[in-house]
Amino acid sequence: MPAVSSLIEEHDDKVRVLRLNRPQTMNALDSELVHALGAALGRARDDAAVRTILLTGEGGSFCSGADLKQALATLGQGQPLDARVGPFQEIVRIIATTPKPVVAAVDGAAVGFGADLALACDLRVLSERAYLQEKFVGIGLMPDGGATFHLPRLVGVGRALELLLLGEKIEAPRALELGLANRVVPVERLHDEALALCRRLAEGPPLALSRIKMATRDALSSTLDEALSREAVGQGELLRSADLAEGVAAWAARRKPAFKGE
């Protein structure tokens, strides 16, 4: 019997769907899955046919974080655990820097690095039973997947410190209230709602979506003047694009635009 892949890749028209597939561990990230996910995200980033990426998990959970059993076994073999952090963090960097929107469909647990992974995505759709939990502090650790960067920007420093220092569950309704979830939907509708969102993004103007994403993320660490300059440069490029001509023509003809990213 062939081995079951720990990562399932599917292509739905212009959407690349990546499914974490270790349900027996609530999709805990072992070294194999970490490397597979990083490689798959890189392929989706570089594939011109892909306009949006959907990240989700199999078996009723999003991701329970790093596979601690494997990590402890590695420690027992005398290998330094800090060397394992790099590939995990590379996943976060790819999500943040790819010019394509990345959407997380979160069901069940998104814990530890699993929470970091969801927070790194551009948009998050949660099921009603989903929850986020920065659980690192419970075992004497700190986040290492960007939570100390993303959470203060999403909820403010005081609330971020509360969530990080106490390590409490953030149930879906509270995640929506705090702005950590963009949408909360019934479990049975999670995949369809998230995929519909991805398809809507995939039909948008790729050049404009890319520049909006990168300008917004870059603005987190820049001044107003730098942000305005970035917008002026990006807008200048978009004003010369074929997508703008198509958008205006479609508006005038009262039809749906067919953007090509040109």
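Is Q133 buried or exposed, in terms of relative accessibility?

1. Q133 counts as buried because its relative accessibility is 10%, where buried means under 20% relative accessible area, exposed over 50% and partly exposed in between (1.4 Å probe, protein chains only). The residue Q133 belongs to strand β7 (residues 131-133), strands (E, at least two residues) and helices (H or I, at least four) being DSSP runs numbered from the N terminus. A polar atom of the Q133 side chain lies 2.9 Å from the backbone oxygen of G167. Leaving aside neighbours within four places in sequence, Q133 is in contact (heavy atoms within 4.5 Å) with A110, V111, G112, A115, G167, E168 and K169.

2. A word on the basis of these notes. This is a predicted model, in which local features need pLDDT of at least 70 and side-chain atom pairs count only at pLDDT 80 or more, whereas totals for chains, interfaces and linings use all residues. Residues are numbered from 1 along each chain as its sequence is written, and side-chain values use heavy atoms, with hydrogens and water left out.

3. T52, in strand β3 (residues 52-57), is buried, with a relative accessible area of 0%. Polar atoms of the T52 side chain are placed 3.4 Å from the backbone oxygen of C198 and 3.4 Å from the backbone nitrogen of A202. Not counting residues up to four places away in sequence, T52 touches K14, V15, R16, P101, V103, C198, L201 and A202.

4. Residues up to four places away in sequence aside, L37 touches L7, L18, L20, L55, I91 and L117.

5. Helix α4 (residues 113-120) is mostly covered, with eight of its eight residues buried; L117 and A115 are among them.

Methods:
A polar contact is a pair of N or O atoms within 3.5 Å; within protein, one must be able to donate a hydrogen and the other to accept it, and residues adjacent in sequence count only if both atoms are side-chain atoms.
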